[in-house]
Amino acid sequence: MSRIQPLEAEKISSQVEEIFKEIEGAFGMVPNLMKTYAHHPPLLEANWNKVKAVMMQGSLNQKVKQTIAVLVSKDNSCNYCVAAHTGALKSIGVSDEEIGKIKEQVDKADFNAKEQALIHFARKANREPLKITGDEFDSLRTAGATDAEIIEALGVMEVFTSFNKFLDALQVDIDF
């Protein structure tokens with residue numbers, strides 16, 4: 001059970017109500033993550049803007065972004081985000097078989113060399129950022145990754161690392 005209860009619609013300010021409408025328009029619901037952030041509206045707004053910038057814009061496709069979200073969250077043992085972004089993969093048409101490959105042997109999943117390199121890089125940046133070598137950057141560039149794509153992949157990792165810690169510290173209930 002959540003240590004701090006998510007705010008429901010009847011208990012929110014007009015500022016939060018506007019943000020909730022936008023979130024519901026994007027996801028069809030307001031996740032408990034965002035309802036919990038609503039206790040501090042400036043943080044809710046900042047995180048929602050970051051989600052829009054990182055997850056809804058840029059050049060990386062949704063399958064790559066959602067895969068990074070799932071794998072970083074899996075590496076961080078965040079069941080909430082694993083559930084949420086497994087659902088997001090399904091919603092964009094990724095099969096259960098492919099999701100299984102993503103979660104257990106991502107190298108066997110259907111990604112090109114650049115996408116594989118970016119996924120592996122984001123995971124390493126999450127787990128061992130100080131052990132990233134210059135050769136690994138060279139490999140990313142050889143695979144065709146641009147600096148903007150590298151930053152975008154790291155942005156996805158960054159968003160989910162912070163969400164993972166927030167959700168787990170508060171034991172927010174999974175609502176996906």
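This report describes the fold, the nonpolar core and selected residues of a predicted model.

## Overall architecture

The protein chain of this predicted model has nine helices and zero strands. Read from the N terminus, its elements run α-α-α-α-α-α-α-α-α.

The radius of gyration of the protein chain is 17 Å, which agrees with the value near 16 Å that a compact globule of 176 residues would have. Taken along the principal axes, the box filled by the C-alpha atoms is roughly 50 × 30 × 25 Å. Among contacts between residues at least 6 apart in sequence, 68% join residues at least 24 apart.

## Surface, burial and charge

Of the 176 residues in the protein chain, 47% are buried. The chain exposes about 9,000 Å², and carbon and sulfur atoms supply 52% of that area.

The protein chain carries 20 positive and 26 negative charges.

## The nonpolar core

The largest nonpolar core has 52 residues, of which Met34, Leu44, Phe160 and Phe163 touch the most other members. Two or more residues of this core come from each of helix H1 (14-27), helix H2 (32-37), helix H3 (41-55), H4, H5, helix H6 (96-104), helix H7 (113-127) and H9. H9 gives the largest share, 10 residues.

Which residues does Phe160 contact, leaving aside its neighbours within four places in sequence? They are Met55, Ala69, Val72, Ser73, Cys81 and His85.

Asn47 is found in helix H3. With a relative accessibility of 10%, Asn47 falls under the 20% limit and therefore counts as buried. Not counting residues up to four places away in sequence, Asn47 touches Tyr37 and Phe163. Phe163 is also one of the core residues that touch the most other members.

Ile12 lies in the segment before H1. When residues up to four places away in sequence are not counted, Ile12 touches Leu7, Glu17 and Phe20. Ile12 and His39 are 27 residues apart in sequence, and their C-alpha atoms are 8.5 Å apart in space.

## The loop between H4 and H5

Both Asn76 and Ser77 are found in the loop between helix H4 (62-75) and helix H5 (79-91). Is Asn76 buried or exposed? Its relative accessibility is 16%, so Asn76 counts as buried. Ser77, at 53% relative accessibility, counts as exposed because the limit for that class is over 50%.

Leaving aside neighbours within four places in sequence, Asn76 is in contact with Asn126, Thr161, Asn164, Lys165 and Asp168. One of these residues, Asp168, is 92 residues from Asn76 in sequence, with a C-alpha to C-alpha distance of 9.6 Å.

## Positive phi angles

Most residues other than glycine have a negative phi. Ser77 has a positive phi of about 60 degrees although it is not a glycine. Gln171 is likewise not a glycine and has a positive phi of about 50 degrees.

Where does Gln171 lie? Gln171 is in the segment after helix H9 (147-170). Its relative accessibility is 39%, so Gln171 counts as partly exposed.

Arg127 has its place in helix H7. A relative accessible area of 46% makes Arg127 partly exposed. Arg127 and Glu149 are 22 residues apart along the chain, and their C-alpha atoms are separated by 19 Å.

Ser91 has its place in helix H5. At 61% relative accessibility, Ser91 counts as exposed. Along the chain, Ser91 and Met55 are 36 residues apart, and a distance of 15 Å separates their C-alpha atoms. Met55 is also among the residues in contact with Phe160.

Notes. Residues numbered from 1 in each chain as written. Predicted model: local features only at pLDDT ≥ 70, side-chain atom pairs only at ≥ 80, totals over all residues. Heavy atoms only, no water. Helix = DSSP H or I, 4+ residues; strand = E, 2+ residues; numbered from the N terminus. Buried < 20%, exposed > 50% of the residue type's maximum accessible area, 1.4 Å probe, protein only. Rg over C-alpha atoms; globule rule 2.2 N^0.38 Å. Contact = heavy atoms within 4.5 Å. Areas by Shrake-Rupley, 256 points an atom, 1.4 Å probe, with all protein chains shown as cover. Lys, Arg positive; Asp, Glu negative; His and termini not counted. Charge placed at Lys NZ, Arg CZ, Asp CG, Glu CD. Core = buried A, V, L, I, M, F, W, Y, C linked by side-chain atoms within 4.5 Å.
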